[in-house]
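I opened this notebook page to record what I looked up around the ligand and at one position further along the chain.

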Amino acid sequence: MPHKLVDKKLTIQVPSQFFYEWLEDNYVHLLRKALDYSIGREGTLEYSIIVDSGNTTQNQPPIGYQVPNTRKVENAPNTAADEKAFKSPFEVKELPSGHGDSFLNPHYTFDNYIEGDCNRLARAAGFAVAQKPSVTSFNPLMIYGGVGLGKTHLVQAIGNYIKGKLQDKFVLYVSSEKFTNQFINAIRDNSLQDFMNFYMRVDVLILDDVQFLSGKEKTQETFFHIFNHLHQSGKQIVMTSDRPPRQLKGVEDRLLSRFKWGLTADLQTPDYETRIAIIQKKLINEGIHIDYEIIEYLAHSIDSNVRELEGVIVSLIAQASLTRREINMALAKQTLNHLVNESEKETSVDTIIEAVTAFFDVRVADIKGKGRTRSIVVPRQIAMYIAKELTDLSLKSIGYHFGGRDHSTVIHAIQTVSDMIHADQEMAENIKKIIKSFEH
Ligand code: ADP
Ligand code: MG
């Protein structure tokens, strides 16, 4: 709204910085015309931004602006001649004409990104952005999720897709760590302007692992400016984080609030079916066939993240080719146990079953078998109970390791053992002892 008119300088009040930038971006010509018409050619425009700090409203010092813009944002330099003037923070030598490297791994595509309940929204949003960068309201698109759940793969797939379709777009993938280092180097080398100029030319900026910016105020501030510039110029921004934005400690509020403009989508740990599909895809890519039984075993044994799952497959393939053995169940179990023991962080269902059978003096085959006598049923239920306590496997996966029982059987076992622990002192002690034996 008009605020004051002094010496042919019109001040208008806007509710936020964003508003100001948006007006500049979209209505600069219209505003100029209006000024020409009402004040004349020498008329200038100034913005006064209302800063909302709690209940008090105060005016920020106005931002002076000559409407025939001296700093028009959508005109990021793009000619070959201009390009020569910029130094890419990625390279020591000057940029050749054309766009710089995108730093994308071509193997990360949508085609080999398996869809499942765990990633449906994120994948769909990512695909929408890939098809129409900066046209959707998913700008910025923020993908978050734990380690190894496919964040980097997904955002690189977006980048690869755009590059494949729109060759003239400058797509850039950068980890937040690299961004930070480039920024530090730019300060050191007195080339901050080059750094900024470089990033402001990007059409699609993919910034991976923004949690890394936590507590790095200056880097954040710089990113904030780049972000605003790109967003205002209608450029697409894609980010990832290992936690939801609101849990990003040490990231400035004004930056966080920017993240909310677009869409935030999470990646969950993959469910069983998705794990099966991921293993199968991986094997097809490697040109290797293994029995479905083994695939099931792997999918039921590792359900924390996709990277681990891939790790097991890779080492399984390596084992098989090194020892010239075929990939059978024994080798799969051996490889898996080896990996699990090595990391010493997970207790497998098989080791739990072994401990329980040793304690109660029954056979593993009985635990996994169909026998329903009490001397077998009780240890079997206890082993299920301990598996639930000590692993983070789903009920379905636990059931699988007990001769393919379904999850309701496992629930029943857990309830029965819980009751037993309350009613039977001696049994409670025994179970405690077995659990203790797994503490490292
Ligand atoms: P993050 O960045 O979340 O830590 P990555 O994107 O690096 O995880 O994924 C780890 C590995 O798992 C990569 O090799 C990736 O290709 C693979 N991966 C993750 N999710 C999927 C999926 N849905 N389909 C196929 N492969 C996947
Ligand atoms: Mg990653």
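The entries below start with the model itself and then turn to the ligand.

I note that this is a predicted model, in which local features need pLDDT of at least 70 and side-chain atom pairs count only at pLDDT 80 or more, while totals for chains, interfaces and linings use all residues. Residues are numbered from 1 along each chain as its sequence is written, chains are lettered from A and ligands numbered from 1 in the order in which they are written, and side-chain values use heavy atoms, with hydrogens and water left out.

I looked up the shell of ligand 1 and found 17 residues around it, of which Ile-114, Gly-148, Thr-152, His-153 and Glu-310 come nearest (near: a heavy atom within 4 Å of the molecule).

I then went through the polar contacts (pairs of N or O atoms within 3.5 Å). An oxygen atom of ligand 1 is 2.6 Å from a side-chain N or O atom of Glu-310, an oxygen atom of the ligand is 3.3 Å from a polar backbone atom of Leu-149, and a nitrogen atom of ligand 1 lies 3.4 Å from a polar side-chain atom of Asn-119. Taken alone, ligand 1 exposes 560 Å², and the protein buries 90% of that (Shrake-Rupley method, 1.4 Å probe).

My last entry concerns Asn-430: is this residue buried or exposed? Asn-430 is buried, because its relative accessible area is 14% (buried means under 20%, with a 1.4 Å probe and protein chains only). The C-alpha atoms of Asn-430 and Val-356 are separated by 10.0 Å, and these residues are 74 residues apart along the chain.

Notes: A polar contact is a pair of N or O atoms within 3.5 Å; within protein, one must be able to donate a hydrogen and the other to accept it, and residues adjacent in sequence count only if both atoms are side-chain atoms. Buried means under 20% relative accessible area, exposed over 50%, partly exposed in between (1.4 Å probe, protein chains only).
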